[in-house]
Amino acid sequence: KFQETSEDIGMRFENIPVEKVANSCFQKYDRSDGLDDSIQQNGLLNPIHVRTWEDGFELLGGHRRLEAHRRLGRSEIAAIVHDDIDNTTAAVLYWSDNIEREDLEPYERAVTIRAILGWAKGDKPLVDVESFVKRSGLSTGTIQRLRRLSRLCPEIGALVDGKILTQKEGLLLSRLDIAQQRHTYDQYAYKTGIGQDADAAHDLP
């Protein structure tokens with residue numbers, strides 16, 4: 001059985017029950033396609049990352065790998081288990097494993113970092129913001145761009161991620177309030193039909 005311990009760095013390697021792994025509190029997107037065939041043919045090449053949580057585990061890295069195991073009906077998955085780590089460390093691991101390694105679109109990245117850093121009105125940061133920004137390696141410019149994109153309504157965000165709108169156009173629209181953004185989206189949908197004509201996005205008022 002796959003199991004190894006590194007007590008000095010507070011983590012261990014082992015097979016854990018798939019049913020005991022809860023999705024991350026940082027998870028704000030659904031990207032679970034594409035790994036079933038690879039895992040069936042080659043097995044799991046890289047273990048997932050989890051931390052001990054209540055009576056099981058919380059996922060920190062490897063969302064697509066875990067979802068593929070669930071779909072394939074696998075009962076166990078190889079994991080690096082991190083013991084007794086705080087939310088900031090967990091968020092850094094989550095960001096580096098899930099966001100930096102996966103080909104996520106700009107709005108997907110923005111809503112994830114929004115949840116981590118507590119940008120939404122009434123939200124509290126899930127982490128120590130200064131420590132997370134420093135340890136994640138995100139530049140000030142990247143943080144500012146993601147923060148502006150996170151202000152988009154989901155409908156406009158989907159147009160950016162679908163490359164119907166450019167990031168620059170999304171950043172310009174983020175200056176509008178949500179009601180104005182949705183009005184702009186409704187005008188675009190009425191004029192073009194969603195996704196039917198990418199060039200029509202440039203006709204947005």
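In this predicted model, helices α7 and α9 pack with their axes 9 Å apart and at an angle of about 60°. The two helices are therefore oblique to each other, since an angle counts as roughly parallel under 35 degrees and as roughly perpendicular from 65 to 115. On the α7 side the meeting residues are Pro 154, Glu 155, Ile 156 and Leu 159, and on the α9 side they are Gln 181, Arg 182, Tyr 185 and Tyr 188. Sorted by class, this contact holds five nonpolar, two charged and one polar residue.

Ile 156 also belongs to the largest nonpolar core, which has 31 residues. Together with Ile 113, Ile 116, Leu 117 and Phe 132, Ile 156 is among the residues with the most contacts inside that core. Two or more core residues come from each of α3 (87–99), α4 (106–117), α6 (140–149), α7 (154–161), α8 (167–173) and α9 (178–192). Helix α4 gives the largest share, six residues. Leu 117 touches Pro 125, Val 127, Val 129, Phe 132 and Ile 143, if residues up to four places away in sequence are not counted.

Apart from this core lies another, of 11 residues, which include Ile 16, Val 50, Leu 66 and Ala 79. Leu 66 sits in helix α2, residues 63–72. Its relative accessibility is 0%, so Leu 66 counts as buried. With neighbours within four places in sequence left aside, the contacts of Leu 66 are Val 18, Val 21, Asn 23, Ile 48, Leu 59 and Ile 77. Leu 44 is 22 residues from Leu 66 along the chain, and their C-alpha atoms are separated by 9.9 Å.

Glu 58 lies in strand β5, residues 56–61. Although charged by class, Glu 58 counts as buried because its relative accessibility is 2%, where the limit for buried is under 20%. The Glu 58 side chain reaches the backbone nitrogen of Cys 25 at 2.8 Å. Cys 25 is also one of the residues in contact with Glu 58 when neighbours within four places in sequence are left aside; the others are Ala 22, Asn 23, Ser 24, His 49, Val 50, Arg 51 and Trp 53. Val 50, in turn, is among the residues of the 11-residue core.

| Residue | Relative accessibility |
|---|---|
| Leu 66 | 0% |
| Glu 58 | 2% |

Technical notes: Residues are numbered from 1 along each chain as its sequence is written. This is a predicted model: local features need pLDDT of at least 70, side-chain atom pairs count only at pLDDT 80 or more; totals for chains, interfaces and linings use all residues. Side-chain values use heavy atoms; hydrogens and water are left out. A nonpolar core is a set of buried Ala, Val, Leu, Ile, Met, Phe, Trp, Tyr and Cys residues joined through side-chain atoms within 4.5 Å. Buried means under 20% relative accessible area, exposed over 50%, partly exposed in between (1.4 Å probe, protein chains only). Helices (H or I, at least four residues) and strands (E, at least two) are DSSP runs, numbered from the N terminus. Contact means heavy atoms within 4.5 Å. Axes are lines fitted to C-alpha atoms, for helices over the stretch in contact, and angles run from 0 to 180 degrees between N-to-C directions. Angles under 35 degrees count as roughly parallel, over 145 as roughly antiparallel, 65 to 115 as roughly perpendicular and the rest as oblique. A polar contact is a pair of N or O atoms within 3.5 Å; within protein, one must be able to donate a hydrogen and the other to accept it, and residues adjacent in sequence count only if both atoms are side-chain atoms.
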